[in-house]
Amino acid sequence: MAEAAAQSTGLASIAKDWSSDVTTFKGVPWGKAMMWIFLLSDTFIFGIFLTSYMTVRATTAEAWPNPSEVFSLTLFGTTVPLLLIAIMTFDLITSSGTMALAVNYGYRRDKKKAVIFMLATAFFGFVFVGMQAFEWYKLISEGVRPWGNPWGAAQFGSCFFMITGFHGLHVSAGVVYLSIISYRVWRGKYDDTNFEIVEITGLYWHFVDLVWVFIFAFFYLW
Amino acid sequence: MAQAEIPYQEAIPLHDPHSWITKYWFSQDHKVIAVQYGITAVAVGLVALVLSWIMRTQIGFPGMFEWITPDIYYQSVTMHGMIMVIYLLTAFLLGSFGNYLVPLMLGARDMVFPFVNMISYHVYFASVIILMLGYLPGMEGPTGAGWTLYPPQAILSGTPGADWGILTMLASLAVFIVAFTMGGLNYITTILQARTRGMTMMRMPLSIWGIGMATVLGLLAFPALFVSAIMMTLDNVLGTSFFMPAISSAGAEHEYEGGSPLLFQHLFWFFGHPEVYIVALPAFGVVSDLISVHARKNIFGYRLMVWAIVAIGGLSFIVWAHHMYVAGMHPYFGFFFATTTLIIAVPTAIKVYNWTLTLWRANIRFTVPMLFAIAFVLTFVVGGLTGLFLGNVIVDVPLSDTYFVVAHFHMVMGVAPILVIFGGIYHWYPKITGRMLNDTIGRIHFWITFIGTYAIYFPMHFLAIPRRYYEYNVGESAILTPSMDILNQSITITAYIVGIAQFLFIYNLIVSYRHGREAGDNPWEANSLEWRTPQTPPVHGNWGERLPTVHRWAYDFSVPGEERDFIPQDVPRKAQA
């Protein structure tokens, strides 16, 4: 059976995997399969958040505030649009890089480096949440509320706090998750495995990053 | 995760229970969790039953009881609908049947993540408690917005429960979705990655196909309800305007402006229509197995049955707006959704034909599960045919919000899946407890339920009155003829009788647990793996030392030239002559 599966390629091998017994995805640990399915479900959550945001933006009668102006920072007398957001995005994408390194070192059984890079990822995530807190603080002090803002459609604030808040919760959960898993990896809980757990954690983290890219594109750039 | 390297789960340690609490309350055994789900769902279902009596009493005999105020009436309608759809049907078919059958039918030791599975039940239990909080004194009752919870009225002060009721409802739904997600991830991962040797996807019993596909639908559809529950909570608590347009009620201007009530309807039905199939697909699967076993014949067109389930699951995501023809959508939307709605009738009809053809010239044993299975097919056909009327825009417009709709969805997704749940309980109770349910009580229960539900819902097709009215005959504006009053009264009285018959069923469940006839390992002479466990009821871990090996599909009944008329899945094929 296994030999026959190895010989076929492309669509034929997919069909073979799906019509085989025991496992559909060969060599995929249960946790990894479960994480993928969870992320698929979570994709729908964020997809619906963004679709709803676009719908209310299209329906509301008042003008939508200009994100480039709202999310600008004035540094040394020059106003730079989306400066903070650009830094946040850079920070989060960097964290994806460190996460990928952690996964790589995990599979090489280099426990120490895997843990270091996971903690680095958690650190970048923590910094992201910190910058988001600053962003919220700044907007709230400028008078943005979920039920209204000084510049236009009330839904701007509603969508902003809801979507970035929900994403921020995901990042915070990811930071906690990364910390716990790196602690456990360090303590040797996964020593008799291939450290797939690092990749599973990484799947979640990359997903959270990817969602941010969409939020960035649809909320800040549009 | 070491599981990948360990072949066939034999070496995975089980979390053996050490005390009563870990055995029966915080249990990680999928079978105990299934029973927990079942008991909770039945208990909350009894609440919904009493609520339906309250509203039927008001419709049949308006003014008879002073305490049934309009608020009580609307709260009963709302809670009855929500409880039945989410907390009984979804929880029972997936939480109970899903948990019990998935590992047993696939030859697995347990779900892949028993701990998550345990948490899933307890979160579900919490969601039921939160749902009932609205009935506590001082909470001013649960919401009366109708189970669809349409804004703006759901959160405006004229609706009962606008203060706390709607919040407990939304919170409960969000918590339920968390519970379902944890359970659902387990079912899917178990089905994909933890089958036993020889159990290919195309050898899985149709119950598993139905439960699996329904779980996929749930994982992709519940997010819409989750998000809309968050948004409506924000509208209510923080005063955002996602769903709320500029509006004034009771003479007072509200702060809301610019929201889209139609958006909620889209989100709700993007969840709500797949939800119909989340309830229907497990029922389809289970009933296929019941019919095949008790007709002693292989299921007709197994492959087509599988692909029909998959097709229905896929199509169910692109038909949602047929619930919204009168909501003010663009008419072209109606055209699109009417087309997809009628297309979905094709795979559904295939399934009905295949059930019928399985029964055709079969060696039918009219056991109680079989009676319920046949009753399901009949009820489903009647309910499904009226769906063809409602799926067409031009016919649906005058029928919207009438008792024709009430009759349609009660038959097709209320009574029909409930009949399957009953059939399934009669079928698997011997495996769960080791004892048979009392046959005589079962038959009495069946005939009262089957004929009774027909007597309740069939006349509603002709009642042609608007639904969700508290009272029809108010002074000069009486809109019911005396014959309609009689019809309403007879429906109400039948509802009392059918409801009481359910207590007979519960009596049967309780008494047979101690005093039922010993069932033995395989009382129905069925083929699927759950009947092949070394012990009945199966112990923790299900299979003893070695997992079973599957050599054939689950439907080898009445194979010509064989001694017995059934060959279980783990019986090896004979060497080729």
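Which residues of H9(B) are buried? Let me get to that by way of the whole chain. Keep in mind that this is a predicted model.

Chain B first. It has 15 helices and two strands. Along the principal axes, its C-alpha atoms fill a box of roughly 85 × 55 × 50 Å. Buried residues are 53% of the 577. Now the contacts in chain B with a separation of 6 or more: 80% of them join residues 24 or more positions apart.

Now the helix. H9(B) runs over residues 331-359, 29 residues in total. From first C-alpha to last it reaches 43 Å, close to the expected 42 Å. Back to my question. The buried residues are B:Gly334, B:Phe337, B:Ala338, B:Thr341, B:Ile344, B:Thr348, B:Lys351, B:Asn354, B:Trp355 and B:Thr358. An α-helix has 3.6 residues a turn, so residues three or four places apart point the same way. What covers the buried residues of H9(B)? The cover includes H7 (261-295), H8 (302-315), H10 (368-391) and H11 (393-399), in chain B. Just after H9(B), B:Arg361 takes a positive phi of about 55°.

Last, the contact between chains. Chain A gives 40 residues and chain B gives 41. On the chain A side, H3 (30-59), H7 (155-187) and H8 (196-221) each supply at least two residues. H3(A) has the largest share, with 15 residues. By class, that side of chain A has 22 nonpolar, 14 polar and four charged residues.

How values were computed: Residues are numbered from 1 along each chain as its sequence is written. Chains are lettered from A and ligands numbered from 1 in the order in which they are written. This is a predicted model: local features need pLDDT of at least 70, side-chain atom pairs count only at pLDDT 80 or more; totals for chains, interfaces and linings use all residues. Two residues are in contact if their C-beta atoms, placed from the backbone, lie within 7 Å. Helices (H or I, at least four residues) and strands (E, at least two) are DSSP runs, numbered from the N terminus. Ala, Val, Leu, Ile, Met, Phe, Trp, Tyr, Cys and Pro count as nonpolar, Asp, Glu, Lys and Arg as charged, and the others, Gly among them, as polar. The expected span of a helix is 1.5 Å times one less than its number of residues. A residue is buried if 20 or more other C-beta atoms lie within 10 Å of its own, exposed if 12 or fewer, and partly exposed in between; C-beta atoms are placed from the backbone.
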